[in-house]
Amino acid sequence: MATPLYLDHNATAPLGPGVLQSMLPFLEQQHFNPSGDYGPALEVRAAIEGARREMANLVGAAPRQIAFTSGGTESTHAAFHYALDVESPQDRAVVVSAVEHSATKGAAKAWQGRGFEVCSLDVNTSGQVAKETLERVLADKRPTLVSTILANNETGVIQHIHGWAELIHAAGAHWHVDAVQAPGKLALDAPALGADWISFSGHKFGAPKGIGALFTRKDSSSPSWLVGGGQEHGKRGGTENVAGIIGLGRAAKNALEQVQDRAGLIELAHSRDELEAHILEGVPGSRVHGSQSPRVPNTTQLFLPGCPSEILLPLLEAKGVLASAGSACDATHHAPSEVLMAMGCTPEEAACSLRISLPFHFDPEARTQAACAIVEAANLLAVHNPQ
Ligand SMILES: Cc1ncc(COP(=O)(O)O)c(C=O)c1O
């Protein structure tokens with residue numbers, strides 16, 4: 001059977017060019033503990049610092065502002081820890097947008113269990129938080145932490161968050177941004193954004209799974225997130241995932257080249273738009289979620305009437321196309337997407353939605369194959385499930 005067409009890059013991306021090669025020496029000959037005092041260990045430490053510079057470069061940060069973690073979920077939980085550990089929960093609120101990934105919702109829930117009030121920031125039908133909504137919640141709740149996603153993993157919708165740092169800081173709150181879906185798709189200047197912490201995950205941009213990074217604007221007075229041997233400049237104890245860090249460094253270099261390739265990003269958005277147009281024309285009543293908002297160029301999520309994703313996805317797989325309903329982390333629950341319902345979809349509409357997330361290079365032949373498979377499968381299903 002031919003290799004399936006993998007269109008689920010927001011769930012996880014394959015290793016990028018040169019990433020595995022950069023990691024191999026650190027799994028073989030250069031196996032030394034980077035905390036060692038002998039030459040070969042110091043070389044490993046130097047390689048880690050090189051990877052830190054690459055990650056910092058990708059987001060315009062200073063290397064000391066980057067700490068390595070095990071991924072996006074850990075980075076987010078670490079940010080919540082830094083913001084909230086020194087606070088008393090008395091009358092303090094945590095505000096998260098209604099379209100957050102489960103990593104952020106989970107962190108908020110954990111702190112709710114410790115006495116913090118958790119409030120939601122509503123989005124409009126285009127998936128964006130209006131500035132006025134933020135201003136109102138800041139005034140009403142006087143939160144201690146606001147956490148917002150930059151590019152949504154399901155719809156690809158990009159929040160208009162420039163200028164929010166001033167508002168949030170003026171209200172006396174900290175700000176965490178989940179930028180897990182940004183690298184390689186969206187240029188990001190972390191210091192200019194003004195967020196206190198920004199979370200990243202390597203496996204979304206060509207590094208292996210189990211490695212991520214946390215940008216910190218300035219050191220907090222909270223004790224280390226993981227207390228141990230003082231690694232990561234005291235921010236995260238535990239012997240480093242050396243090969244993962246080296247792979248992340250290489251993937252960050254690739255991601256920077258990708259976001260600097262303006263023509264490549266425009267081409268990718270064009271390819272996504274063509275795919276959407278083909279599906280919208282072929283599937284009566286279909287529509288694109290968040291189409292009125294700016295979106296990352298590789299992502300589309302479509303409502304396909306009469307096509308519950310748990311039936312559509314296996315049909316597509318049989319036709320050689322691997323896609324998803326929405327967030328991979330929520331897929332096991334088979335519940336309709338909370339992100340789409342926050343944008344005003346009914347549970348039925350949310351359940352009949354398909355996310356397609358493309359690689360950076362998506363050739364026209366693959367696009368036609370994907371569009372034809374989706375149109376055929378959706379029309380077949382719609383006959384059996386008339387709306
Ligand atoms: C927007 C977003 N945030 C956080 C995460 C969690 O990242 P990780 O899988 O590295 O823990 C993901 C992964 O799906 C994501 O898409």
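The model is predicted: local features need pLDDT of at least 70, side-chain atom pairs count only at pLDDT 80 or more, and totals for chains, interfaces and linings use all residues. Residues are numbered from 1 along each chain as its sequence is written.

User: How far apart do the C-alpha centres of domain 1 and domain 2 lie?
Analyst: The bounds come from an automatic or database domain assignment. Domain 1 is 5-14 + 262-384, and domain 2 is 19-258. Their C-alpha centres lie apart by 27 Å.

User: Which element gives the most to the side of domain 1 that touches domain 2?
Analyst: Contact requires C-beta atoms, placed from the backbone, within 7 Å. The contact takes 27 residues from domain 1 and 27 residues from domain 2. Two elements of domain 1 give two or more residues, β10 and α11 (338-342). With 3 residues, the most is given by β10.

User: Which residue stands opposite Arg 355 in β12?
Analyst: Strands are DSSP runs of E, at least two residues, numbered from the N terminus; two of them pair if DSSP finds at least two bridges between them. β10 (residues 299-303) and β12 pair in the antiparallel sense over 5 bridges. Opposite Arg 355 stands Gln 301.

User: How many residues of strand β12 are buried?
Analyst: Buried means 20 or more other C-beta atoms within 10 Å of the residue's own, exposed means 12 or fewer, and partly exposed lies in between, with C-beta atoms placed from the backbone. Ser 353, Arg 355 and Ser 357 point one way, Leu 354 and Ile 356 the other way, and all are buried. β12 (residues 353-357) is therefore largely enclosed by the rest of the structure, with a buried count of 5 of the 5.

User: Within what arc do the buried residues of α13 fall?
Analyst: Helices are DSSP runs of H or I, at least four residues. The buried residues of α13 are Ala 370, Ala 371, Ala 373, Ile 374, Ala 377 and Ala 378. Seen down the axis, they line one face of the helix, because the arc (of directions from the helix axis to the C-beta atoms) is within 165°.

User: Which residues are exposed on the other side of α13?
Analyst: The buried residues pack against β1 (5-6), α9 (262-282), α10 (309-318) and β11 (321-322). On the other side, the exposed residues are Pro 364, Glu 365 and Val 383.

User: Is Pro 14 buried or exposed?
Analyst: Pro 14 is in the loop between β1 and α1 (19-27). Pro 14 has 11 C-beta neighbours inside 10 Å, so it counts as exposed.

Note on methods. Two residues are in contact if their C-beta atoms, placed from the backbone, lie within 7 Å.
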